[in-house]
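Please consult the sequence and the model as you read.

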Amino acid sequence: GILAFIFSDEANKLVKTGLEQGLKDYGKPPSVDVQKDEESSWTAGIDFIQENLKCCGITDGADWSREANAAIWWISATGGNHVKDTPDSCCVTKSEKCGVGMAIQATHTTIHNDGCFKVAKDWVVDKSLIMGVCGIIFMILEIFNVIFALILRSSSK
């Protein structure tokens, strides 16, 4: 908890850089040593994050559009020319091609509206609060253990 607080700026930069790299390489074919039908680790990672954290893009679904120019491979002709589409992992109810045309809509009802950076940051903050409370409880229990040990030692003399 304390380290997360101290290094929060670095952690924010690290997460944002990872998400930016993931969007940039999303949909790229995997390296030579991976099975042909498997997806790249960036694609699998972004899909996992978007599905499980119920988010889309870094700030929102518009990150997948040509205008945002963040998902470079995704919007390129070799990557499928998805200039107006979000991946299906952005969809509230996932189905094939549910993200077609969703990167350019102003309001979304079929895809998640929150960006993954904000959702991930909120998730970490939420979990760090729980970890901090557990740490304080553990520290109090340790103090009671020391006091109890000192009482036992003084009573055994």
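## Basis of the model

The model is predicted, so local features need pLDDT of at least 70 and side-chain atom pairs count only at pLDDT 80 or more, while totals for chains, interfaces and linings use all residues. Residues are numbered from 1 along each chain as its sequence is written, and side-chain values use heavy atoms, with hydrogens and water left out.

## Disulfides

The count comes to three disulfides, a disulfide being a pair of cysteine sulfur atoms within 2.5 Å. Cys 55 is joined to Cys 116, S to S 2.1 Å. Cys 55 is in the loop between helix H3 (41-53) and helix H4 (72-75), whereas Cys 116 is in helix H5, 61 residues apart. Helices are DSSP runs (H or I, at least four residues), numbered from the N terminus. Cys 55 is buried, with a relative accessible area of 0%; buried means under 20% relative accessible area, exposed over 50%, and partly exposed in between (1.4 Å probe, protein chains only).

The sulfur atoms of Cys 56 and Cys 90 are 2.1 Å apart in another disulfide, and both residues are buried. Cys 91 is linked to Cys 98, S to S 2.0 Å.

## Contact of H2 and H5

The axes of helix H2 (residues 8-24) and helix H5 (residues 116-155) come within 10 Å and cross at roughly 140°. Axes are lines fitted to C-alpha atoms, for helices over the stretch in contact, and angles run from 0 to 180 degrees between N-to-C directions. The contact (heavy atoms within 4.5 Å) includes Asn 12 and Val 15 of H2 and Phe 117 of H5.

How values were computed. Helices (H or I, at least four residues) and strands (E, at least two) are DSSP runs, numbered from the N terminus.
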